[in-house]
Amino acid sequence: RGSEYMTSKNDGLANYGNITTLAESPSQPGLIWVGTDDGNVQVSFDGGKTFTNVAPNIPGPATHYQVSRVAPSAHNPAVCYVSLDNHRYEDWNPYLFVTRDYGKTWQSIAGNLPRGNINVVLEDPKNPHLLYVGTEFGLFISLDGGKEWKRFQNGLPTVRVDDLLVHPRDNDLVVGTHGRSIYILDDITPLQQFTPEVAAGGPYLFEVRPAVQWLTNAQEGTSLGGSKVFRAPNPPAGTAISYYLPRSLGTRPVTLVITTASGEPVRTLTGPADAGIHRVQWNLRRDPPAAAQAGAGGQQPGAGQAQQGALVPPGTYLVKMTVDGREMIRSIVVLEDIWMHQVGG
């Protein structure tokens, strides 16, 4: 701005008026939202030919705030979320708003978020009531559209979160941080299906994500040289089975029985019985065989050599959870490792 102080008026240095965030509505092509570093929130209904500034309708802080993110809804084209960042003016309050009428009116949904500027907001692509927010001090989620927020770290350190993405194929929550690399929360199906009806009901078994029975080809193994090698842990083998308990079952573990589609027993797993959402990993193997009996040429496994059951073939399986006489069943699809067959593995 010409009236504000800067090093030079003609050195090419940008002072204000830069676009900081831009997004097209996933549910209405041509509906574009733009946020700037000088407090503009512009909306276009014609693919960017004309824009209207709806920022004056937002009951936010001073006019110099920076728009950190615009996030149009994937479920309703009239809905858009906007986060504002005013920490450059020593204002560390979280500013988060939603419009449900294309920007004509806005409502604050910052709720109980702690102090710290918001860098990113994301609406879940499958559940419009599930929201994710990345702040200067961590990740927060809301199950009720922003009425209440909960800190959601689960192994994620206290770190600035700059970006969020729900992977369209794997349904993982990908978290981009400042200085602490990328974190991935595998399979957020339980969060997406944890509706108020589920929370208010009894024990609940969530849908299980399909699993791939990966095959290993040692001949394709490669090694990359250099002074350092990038390494990150692979996700555990198989697929996760998640369930919800509204109250503790005491000392009784939760039993999960996996069978074939025809009812043949395959694997029995046990999980925590405390109140809350729990996850048990099935590695796509059958129950371990009985320990080999000594004598007559038989040998028992050596120390530390735990026996594993055989891998199950691709197909459809069932998992059954029984709690307080209530039986819940979900299907588990085990997919074939097609890539290995294509390369002749």
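User: In which strand is Thr 177 found?

Analyst: This is a predicted model, in which local features need pLDDT of at least 70, side-chain atom pairs count only at pLDDT 80 or more, and totals for chains, interfaces and linings use all residues. Residues are numbered from 1 along each chain as its sequence is written, and side-chain values use heavy atoms, with hydrogens and water left out. Helices (H or I, at least four residues) and strands (E, at least two) are DSSP runs, numbered from the N terminus. Residues 173–177 form the strand that holds Thr 177, namely E14.

User: Is Thr 177 buried or exposed?

Analyst: Buried means under 20% relative accessible area, exposed over 50%, and partly exposed in between (1.4 Å probe, protein chains only). The relative accessible area of Thr 177 is 13%, so Thr 177 is buried.

User: Which backbone oxygen does the side chain of Thr 177 reach?

Analyst: A polar contact is a pair of N or O atoms within 3.5 Å; within protein, one must be able to donate a hydrogen and the other to accept it, and residues adjacent in sequence count only if both atoms are side-chain atoms. A polar atom of the Thr 177 side chain lies 3.1 Å from the backbone nitrogen of Arg 180. At 2.7 Å, the side chain also reaches the backbone oxygen of Ser 181.

User: In which strand is Asn 119 found, and what is its relative accessible area?

Analyst: Asn 119 is part of strand E9. Its side chain makes a polar contact with the side chain of Asn 117, at 3.1 Å. Asn 119 is buried because its relative accessible area is 9%.

User: With which residues is Asn 119 in contact, leaving aside its neighbours within four places in sequence?

Analyst: Contact means heavy atoms within 4.5 Å. With neighbours within four places in sequence left aside, Thr 177 is in contact with residues including Arg 160, Val 161 and Asp 162. On the same terms, Asn 119 is in contact with Ser 68, Arg 69, Gly 134, Thr 135, Glu 136, Arg 160, Val 161 and Asp 162.

User: What is the volume of the largest pocket?

Analyst: On a 1 Å grid over the protein atoms alone, a pocket is an open set of points where a 1.4 Å probe fits, with protein on both sides within 12 Å along at least five of seven lines; lining residues have an atom within 4 Å of a point. The lining has 49 residues, and those nearest the centre are Asp 172, Leu 185, Asp 186, Asp 187 and Arg 209. Strand E14 is one of the elements that supply at least two lining residues. The volume, the space filled by probe spheres set on the points, is about 1700 Å³.

User: How many residues line the second largest pocket?

Analyst: This pocket has a volume of about 330 Å³. Strands E1, E5, E9 and E13 each supply at least two residues of its lining. Pro 26, Ala 71, Pro 72, Leu 122 and Glu 123 lie nearest its centre, and the lining residues number 20.
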